[in-house]
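Good morning, colleagues. Please bring up the sequence and the model on your screens, and I shall then go through several parts of it in turn.

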Amino acid sequence: MELYLCIGQSNMAGRAPIELQDQDTIPNVFLFTGNEEHPWEKAANPFNKYSTVRKRLDLQKIGPSYSFSKEMIKDNPITKIGLIVNAKGGTSIEEWKPGDTLYNEAISQAKKAMKLGVLKGIIWHQGEANAGRADAYMPKIKALIEALRKDLNSPNIPFVAGQLSSDKPKRIEFNKMILELPTQVKNTAVVTSEHTSTIDKTHFDSASQRVLGKRYAIKMKELLSKIKIKKMIKTLKVFRFFSIAWLSVYTGPRDQKSDKAKYIINYFRSAFRKNHDSKRV
């Protein structure tokens with residue numbers, strides 16, 4: 001099962017009405033419940049219902065994780081996707097500081113789920129509570145990403161963030177700032193909030209949440225594709241080296257063949273260990 005961690009504040013939790021078209025279940029997409037006996041449930045709105053830090057259940061509505069998962073499953077409908085949605089409305093990035101409750105709960109839920117699948121990516125939507133302090137945000141999100149990757153033992157895990165609604169002028173600087181994230185941290189991306197609207201000048205409406213979720217999925221696919229290509233190139237380089245080195249064993253002087261063969265064996269043992277240690281994306 002491919003796993004995705006979905007965290008942040010109210011726009012990740014979802015505050016827009018769950019419309020008729022959003023009341024379906026998604027084939028092969030599951031929500032992590034945290035229940036040992038029944039860890040997975042067919043994905044249906046609200047997706048943040050099993051968050052261990054959420055506010056009242058009646059506040060949880062449609063967020064981006066709904067259409068994100070719909071878009072992710074399109075390319076490979078036989079794949080199973082598991083979502084760990086653990087958002088909480090009204091929270092600042094300072095409250096997601098590594099070591100504090102929100103962060104610890106997200107890590108705990110992710111690790112439980114990772115016993116049953118492979119973590120492939122993280123989507124994050126937060127910033128409304130920090131919009132007036134955009135200049136101090138980048139170091140904090142960089143620290144958060146670094147900590148998540150370390151504690152989840154996934155040094156290259158893709159991380160996608162999102163812009164805020166532009167209804168309020170103070171968010172303009174924040175939205176400009178967050179676009180710089182991919183230049184600051186590798187394997188990250190940002191989805192824009194262009195052509196979206198809100199229900200209250202803060203929370204995206206239902207149609208916009210569906211749009212944002214698709215944008216998150218597109219960016220996630222791009223990051224995963226880049227990682228896959230890098231792995232393929234690395235594998236091709238290894239095979240090229242193997243071919244050249246093995247050819248030299250059979251064409252070199254007899255007294256050098258044994259040493260060359262030992263070198264090749266040791267090289268591949270080392271390469272296998274490195275690949276095994278970094279097998280998670």
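In helix α2, the buried residues are Pro64, Ser65, Tyr66, Ser67, Phe68, Ser69, Glu71, Met72 and Ile73; buried means under 20% relative accessible area, exposed over 50% and partly exposed in between, with a 1.4 Å probe and protein chains only. Because nine of the eleven residues of α2 are buried, the helix is largely enclosed by the rest of the structure. Helices are DSSP runs of H or I with at least four residues, strands are runs of E with at least two, and both are numbered from the N terminus.

This is a predicted model, in which local features need pLDDT of at least 70 and side-chain atom pairs count only at pLDDT 80 or more, while totals for chains, interfaces and linings use all residues. Residues are numbered from 1 along each chain as its sequence is written, and side-chain values use heavy atoms, leaving out hydrogens and water.

Consider Ile73, in α2 (residues 64-74), with a relative accessibility of 9%. Not counting residues up to four places away in sequence, Ile73 touches Ile26, Pro27, Asn28, Val29, Thr79 and Ile81, where contact means heavy atoms within 4.5 Å.

Val29 leads us to strand β2 (residues 29-32), in which Val29 and Leu31 on one side and Phe30 and Phe32 on the other are all buried. Val29 stands opposite Ile81 in β4, and β2 pairs with β4 (residues 81-85) in the parallel sense over three bridges; pairing requires at least two DSSP bridges between two strands.
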